[in-house]
Amino acid sequence: MECHGTRDSLRKSAQPTVAVIDSQSMRTGLAKSVKGIDGGKKIKGIKRHLAVDSNGFPLTIVISRANVHDSKGAIGLAIDTVCKYPTIRLLKADNGYRGPLVKKLERGIACGIGVCEIEFRHIGIQAD
C-alpha cells in the first residue's frame, strides 16, 4: 500500500523515515485455521504485527499465531519494513520489544529500534 499522495498533502516526504511497530491479538472464527493462545491476553487466534508511519498509515503487516512473542514477531516485521522502505532509520516500539532478540535484530539491519517506556495501546487499530 503506497500513501504518497496523502503524505504529500501533509507536507511529509514521500518515503517515511520513522515507523512505529506493535502487535494485536485477534480471535479467529475458523475451527481449522492456524492459531495459538496469547497467554497474556487469553486470546486464542492470530497476532497481527504492524508497522505504521508517523501518520498511522500501515506500512507492513505480518501475521503469526497468537502465542508468538512480540520480540520474535518483530524480526520478520522489521526486516520486511526496512526492505520495503529503505529510508526508515528508526523503529519505535513499546516495552514488549525489549530483550536480546531485538538487540541482535538492531545490529543486523541498518535501522535503530527505540523502545519507549510508555505503551501505545488504544491509539489506532480497533478490532471489529
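A: Buried residues, meaning those under 20% relative accessible area with a 1.4 Å probe and protein chains only, make up 38% of the 128 residues in the protein chain. This is a predicted model, in which local features need pLDDT of at least 70 and side-chain atom pairs count only at pLDDT 80 or more, while totals for chains, interfaces and linings use all residues. Residues are numbered from 1 along each chain as its sequence is written, and side-chain values use heavy atoms, with hydrogens and water left out.

A nonpolar core is a set of buried Ala, Val, Leu, Ile, Met, Phe, Trp, Tyr and Cys residues joined through side-chain atoms within 4.5 Å. The largest one has 19 residues, of which Ile21, Ile88, Leu91, Tyr97, Ile109 and Cys111 touch the most other members. Two or more residues each come from β1 (18-27), β4 (58-65), α2 (70-84), β5 (90-93) and α3 (100-108). Helix α2 gives the largest share, 4 residues.

Take Ile21 as one case. Leaving aside residues up to four places away in sequence, Ile21 touches Leu50, Ala51, Ala74, Leu77, Leu91, Lys92, Ala93 and Tyr97, where contact means heavy atoms within 4.5 Å. In soluble globular proteins, nonpolar side chains tend to be buried together.

How values were computed. Buried < 20%, exposed > 50% of the residue type's maximum accessible area, 1.4 Å probe, protein only.
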